[in-house]
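Good morning, and thank you for the time on the agenda. I would like to take the group through one chain, beginning with a single residue and its surroundings and ending with the fold as a whole.

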Amino acid sequence: VNSVLNPMPWDHSPITVYIDNINVPEHYSPTYIKQVENALDYWENGGNRKLKYDPKFSLADTENEADIYIMWVENLEEYAGVKKGVAGIARPYEVNGKYMRVNIILEVGNYQGYSWKQYGDANMLELVKHELGHALGLGHSNDRRDIMYPTYEQKDNIDPLLVNRTRPLIYLFVIVSLILAALSGINWLRYRRKRRVLEDEFL
(Lines give C-alpha, C1' and ligand atoms only; values in the text may rest on other atoms or scores of the structure.)
Protein backbone atom coordinates (compact mmCIF):
# COMPACT_ATOMS: atom_id res chain seq x y z
CA VAL A 1 0.00 0.00 0.00
CA ASN A 2 1.32 3.43 -0.96
CA SER A 3 0.78 6.47 1.21
CA VAL A 4 0.05 9.61 -0.78
CA LEU A 5 1.53 12.89 0.38
CA ASN A 6 -0.38 14.91 -2.21
CA PRO A 7 -2.60 13.31 -4.89
CA MET A 8 -2.32 16.30 -7.28
CA PRO A 9 0.73 18.30 -6.23
CA TRP A 10 1.33 20.24 -9.46
CA ASP A 11 -1.07 22.69 -11.09
CA HIS A 12 0.72 22.80 -14.44
CA SER A 13 2.43 20.64 -17.04
CA PRO A 14 5.12 19.99 -18.03
CA ILE A 15 7.02 19.92 -14.75
CA THR A 16 10.40 21.56 -15.29
CA VAL A 17 13.53 19.85 -13.96
CA TYR A 18 17.00 21.29 -13.51
CA ILE A 19 19.88 18.82 -13.13
CA ASP A 20 22.77 20.56 -11.41
CA ASN A 21 25.91 19.09 -12.97
CA ILE A 22 27.98 22.20 -12.18
CA ASN A 23 27.99 22.42 -8.38
CA VAL A 24 29.01 18.82 -7.83
CA PRO A 25 31.04 16.97 -5.16
CA GLU A 26 34.40 15.30 -5.72
CA HIS A 27 33.04 11.84 -6.47
CA TYR A 28 30.19 12.92 -8.74
CA SER A 29 30.00 10.91 -11.97
CA PRO A 30 28.76 12.44 -15.26
CA THR A 31 26.90 9.16 -15.87
CA TYR A 32 24.44 10.16 -13.13
CA ILE A 33 22.73 12.59 -15.53
CA LYS A 34 21.65 9.67 -17.71
CA GLN A 35 20.18 7.97 -14.65
CA VAL A 36 18.08 11.07 -13.93
CA GLU A 37 16.83 11.07 -17.53
CA ASN A 38 15.99 7.36 -17.23
CA ALA A 39 14.12 8.02 -13.99
CA LEU A 40 12.11 10.81 -15.63
CA ASP A 41 11.21 8.41 -18.46
CA TYR A 42 10.19 5.81 -15.87
CA TRP A 43 7.61 8.14 -14.30
CA GLU A 44 6.41 9.51 -17.64
CA ASN A 45 5.70 5.93 -18.71
CA GLY A 46 3.57 5.09 -15.70
CA GLY A 47 6.15 4.48 -12.98
CA ASN A 48 4.76 2.22 -10.25
CA ARG A 49 1.16 2.80 -11.47
CA LYS A 50 0.21 4.56 -8.23
CA LEU A 51 -0.10 8.14 -9.51
CA LYS A 52 -3.54 9.60 -10.23
CA TYR A 53 -2.18 11.72 -13.08
CA ASP A 54 0.32 11.41 -15.95
CA PRO A 55 3.39 13.57 -15.27
CA LYS A 56 5.29 15.18 -18.13
CA PHE A 57 8.72 16.72 -17.73
CA SER A 58 10.92 19.20 -19.53
CA LEU A 59 14.52 20.07 -18.69
CA ALA A 60 15.12 23.62 -17.49
CA ASP A 61 18.16 25.64 -18.55
CA THR A 62 18.60 27.32 -15.17
CA GLU A 63 17.83 26.55 -11.55
CA ASN A 64 15.44 29.50 -11.30
CA GLU A 65 13.23 28.05 -14.05
CA ALA A 66 12.92 24.67 -12.34
CA ASP A 67 10.00 23.14 -10.50
CA ILE A 68 12.26 20.27 -9.43
CA TYR A 69 15.91 20.95 -8.65
CA ILE A 70 18.25 17.93 -8.47
CA MET A 71 21.69 18.14 -6.91
CA TRP A 72 24.37 15.83 -5.49
CA VAL A 73 26.45 16.00 -2.32
CA GLU A 74 29.34 13.88 -1.09
CA ASN A 75 27.53 12.69 2.03
CA LEU A 76 23.96 13.47 3.02
CA GLU A 77 24.49 12.94 6.74
CA GLU A 78 27.10 15.68 6.83
CA TYR A 79 25.27 17.98 4.41
CA ALA A 80 21.72 17.82 5.76
CA GLY A 81 22.02 16.11 9.13
CA VAL A 82 19.83 13.17 8.11
CA LYS A 83 19.92 9.75 9.73
CA LYS A 84 22.67 7.33 8.83
CA GLY A 85 21.81 5.31 5.73
CA VAL A 86 19.57 7.93 4.11
CA ALA A 87 20.82 8.32 0.53
CA GLY A 88 18.41 10.94 -0.81
CA ILE A 89 15.79 13.45 0.26
CA ALA A 90 13.04 15.39 -1.50
CA ARG A 91 11.99 18.68 0.08
CA PRO A 92 8.72 20.10 -1.29
CA TYR A 93 7.71 23.72 -0.79
CA GLU A 94 3.91 23.75 -0.76
CA VAL A 95 1.44 26.63 -0.99
CA ASN A 96 -2.32 26.07 -0.78
CA GLY A 97 -1.96 22.37 -1.47
CA LYS A 98 0.27 22.76 -4.53
CA TYR A 99 4.00 22.29 -4.89
CA MET A 100 5.87 25.42 -5.84
CA ARG A 101 9.27 23.75 -5.84
CA VAL A 102 10.90 20.48 -4.83
CA ASN A 103 14.60 20.20 -4.04
CA ILE A 104 16.02 16.70 -4.44
CA ILE A 105 19.39 16.09 -2.80
CA LEU A 106 21.26 12.87 -3.51
CA GLU A 107 24.52 11.62 -2.08
CA VAL A 108 27.13 9.99 -4.30
CA GLY A 109 28.16 7.32 -1.80
CA ASN A 110 28.26 6.24 1.81
CA TYR A 111 30.14 4.09 4.27
CA GLN A 112 29.71 0.33 4.09
CA GLY A 113 31.41 -0.96 7.19
CA TYR A 114 34.67 0.95 7.51
CA SER A 115 35.09 1.74 3.81
CA TRP A 116 33.42 4.42 1.74
CA LYS A 117 31.69 3.17 -1.42
CA GLN A 118 30.48 5.22 -4.34
CA TYR A 119 27.02 4.48 -5.72
CA GLY A 120 27.06 2.90 -9.15
CA ASP A 121 24.64 3.87 -11.90
CA ALA A 122 22.08 1.17 -11.05
CA ASN A 123 21.89 2.37 -7.45
CA MET A 124 21.68 6.00 -8.52
CA LEU A 125 18.80 5.18 -10.86
CA GLU A 126 16.85 3.62 -7.98
CA LEU A 127 17.56 6.62 -5.74
CA VAL A 128 16.39 9.14 -8.34
CA LYS A 129 13.24 7.15 -9.13
CA HIS A 130 12.36 7.04 -5.44
CA GLU A 131 12.94 10.72 -4.74
CA LEU A 132 11.09 11.75 -7.90
CA GLY A 133 8.18 9.69 -6.61
CA HIS A 134 8.10 11.94 -3.54
CA ALA A 135 8.34 15.02 -5.78
CA LEU A 136 5.27 13.73 -7.63
CA GLY A 137 3.27 13.40 -4.41
CA LEU A 138 3.84 9.79 -3.35
CA GLY A 139 4.76 8.68 0.15
CA HIS A 140 6.40 5.42 1.13
CA SER A 141 5.07 1.96 0.31
CA ASN A 142 5.06 -1.14 2.51
CA ASP A 143 5.54 -3.33 -0.59
CA ARG A 144 9.20 -4.32 -0.79
CA ARG A 145 8.92 -4.61 -4.60
CA ASP A 146 7.68 -1.03 -4.98
CA ILE A 147 10.12 1.74 -5.90
CA MET A 148 8.63 3.77 -3.02
CA TYR A 149 9.65 1.22 -0.40
CA PRO A 150 11.84 3.20 2.03
CA THR A 151 14.90 0.93 1.77
CA TYR A 152 16.53 -0.85 -1.12
CA GLU A 153 19.17 -3.46 -1.80
CA GLN A 154 22.46 -2.41 -3.35
CA LYS A 155 22.22 -3.35 -7.02
CA ASP A 156 25.86 -2.99 -7.94
CA ASN A 157 29.19 -1.94 -6.60
CA ILE A 158 30.67 -0.56 -9.82
CA ASP A 159 32.44 2.76 -9.44
CA PRO A 160 31.37 4.80 -12.52
CA LEU A 161 34.36 7.12 -12.17
CA LEU A 162 36.72 4.14 -12.23
CA VAL A 163 34.95 2.82 -15.33
CA ASN A 164 35.36 6.19 -17.06
CA ARG A 165 39.06 6.35 -16.17
CA THR A 166 39.80 2.81 -17.35
CA ARG A 167 37.63 2.88 -20.50
CA PRO A 168 40.54 4.07 -22.75
CA LEU A 169 42.70 1.21 -21.43
CA ILE A 170 39.89 -1.26 -22.11
CA TYR A 171 39.54 0.03 -25.67
CA LEU A 172 43.32 -0.19 -26.16
CA PHE A 173 43.35 -3.76 -24.85
CA VAL A 174 40.56 -4.76 -27.25
CA ILE A 175 42.33 -3.14 -30.22
CA VAL A 176 45.67 -4.79 -29.38
CA SER A 177 43.92 -8.15 -28.94
CA LEU A 178 42.28 -7.82 -32.35
CA ILE A 179 45.60 -6.90 -33.97
CA LEU A 180 47.36 -9.87 -32.35
CA ALA A 181 44.54 -12.18 -33.42
CA ALA A 182 44.79 -10.87 -36.99
CA LEU A 183 48.59 -11.33 -37.05
CA SER A 184 48.21 -14.83 -35.67
CA GLY A 185 45.74 -15.63 -38.44
CA ILE A 186 48.09 -14.25 -41.09
CA ASN A 187 51.02 -16.30 -39.75
CA TRP A 188 48.86 -19.42 -39.75
CA LEU A 189 47.91 -18.86 -43.39
CA ARG A 190 51.58 -18.35 -44.32
CA TYR A 191 52.47 -21.58 -42.54
CA ARG A 192 49.74 -23.43 -44.42
CA ARG A 193 50.99 -22.10 -47.77
CA LYS A 194 54.61 -23.08 -47.01
CA ARG A 195 53.51 -26.52 -45.94
CA ARG A 196 51.60 -27.02 -49.17
CA VAL A 197 54.63 -25.92 -51.19
CA LEU A 198 56.88 -28.38 -49.32
CA GLU A 199 54.34 -31.17 -49.73
CA ASP A 200 54.13 -30.48 -53.48
CA GLU A 201 57.94 -30.54 -53.80
CA PHE A 202 58.33 -33.88 -52.05
CA LEU A 203 55.41 -35.63 -53.71
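**Asn103 and its surroundings**

Setting aside neighbours within four places in sequence, Asn103 is in contact with Tyr69, Ile89, Ala90, Arg91 and Tyr93, where contact means heavy atoms within 4.5 Å. Before I continue, a word on provenance: this is a predicted model, in which local features need pLDDT of at least 70 and side-chain atom pairs count only at pLDDT 80 or more, while totals for chains, interfaces and linings use all residues. Residues are numbered from 1 along each chain as its sequence is written, and side-chain values use heavy atoms, with hydrogens and water left out.

Asn103 belongs to strand β6, residues 98-107. Strands here are DSSP runs of E with at least two residues, helices are runs of H or I with at least four, and both are numbered from the N terminus. Is Asn103 buried or exposed? Its relative accessible area is 16%, so Asn103 is buried; the term buried applies under 20%, exposed over 50%, and partly exposed in between, with a 1.4 Å probe and protein chains only. The side chain of Asn103 also makes a polar contact of 2.8 Å with the side chain of Arg101. A polar contact is a pair of N or O atoms within 3.5 Å; within protein, one must be able to donate a hydrogen and the other to accept it, and residues adjacent in sequence count only if both atoms are side-chain atoms.

**Aromatic rings**

A pair of aromatic rings is described by the distance of the centres and the angle of the planes. Rings of Phe, Tyr and Trp (its six-membered ring) pair if their centres lie within 6.5 Å; planes under 30 degrees apart count as stacked, over 60 as edge-to-face, and the rest as tilted. By this rule there are six aromatic pairs.

Tyr18 and Tyr69 form a stacked pair, because their ring centres are 6.0 Å apart and their planes meet at 5°. This pair links distant parts of the chain, with Tyr18 in strand β2 (residues 15-19) and Tyr69 in strand β4 (residues 68-73), 51 residues apart. Both tyrosines, Tyr18 and Tyr69, are buried.

In the pair of Tyr28 and Tyr32, the centres are 5.8 Å apart and the planes stand at 80°, so the pair is edge-to-face. Tyr28 is buried at 9% relative accessibility, and Tyr32 is buried at 0%. Ring pairs join Tyr28, Tyr32 and Trp72 into a cluster.

One ring also has a charge above it: Lys129 lies over the face of Tyr42, at 4.4 Å from the ring centre. The criterion is that NZ of Lys or CZ of Arg is within 6 Å of the ring centre and within 35 degrees of the ring normal.

Of the 15 residues in α3, 13 are buried. Gly137 follows α3 and has a positive phi, near 110°.

Which residues does Leu51 touch, not counting those up to four places away in sequence? They are Trp43, Leu136 and Leu138. Leu51 lies in the loop between α1 (32-44) and β3 (57-59), and at a relative accessible area of 16% it is buried. Leu51 and Gly137 are 86 residues apart in sequence, yet their C-alpha atoms are 8.1 Å apart in space.

**Backbone details in the loops**

Arg49 is in the loop between α1 and β3. Its phi is near 65°, a positive value in a residue other than glycine, and Arg49 is exposed at 64%. Asn96, in the loop between β5 (88-95) and β6, has a positive phi near 55° and is exposed at 77% relative accessibility. A cis peptide bond joins Ser13 and Pro14, with omega about 5°; Pro14 is in the loop between β1 (2-4) and β2.

**The chain as a whole**

The chain has four helices and nine strands. Buried residues make up 40% of its 203 residues. Of the contacts with a separation of 6 or more, 72% come from residues 24 or more positions apart.
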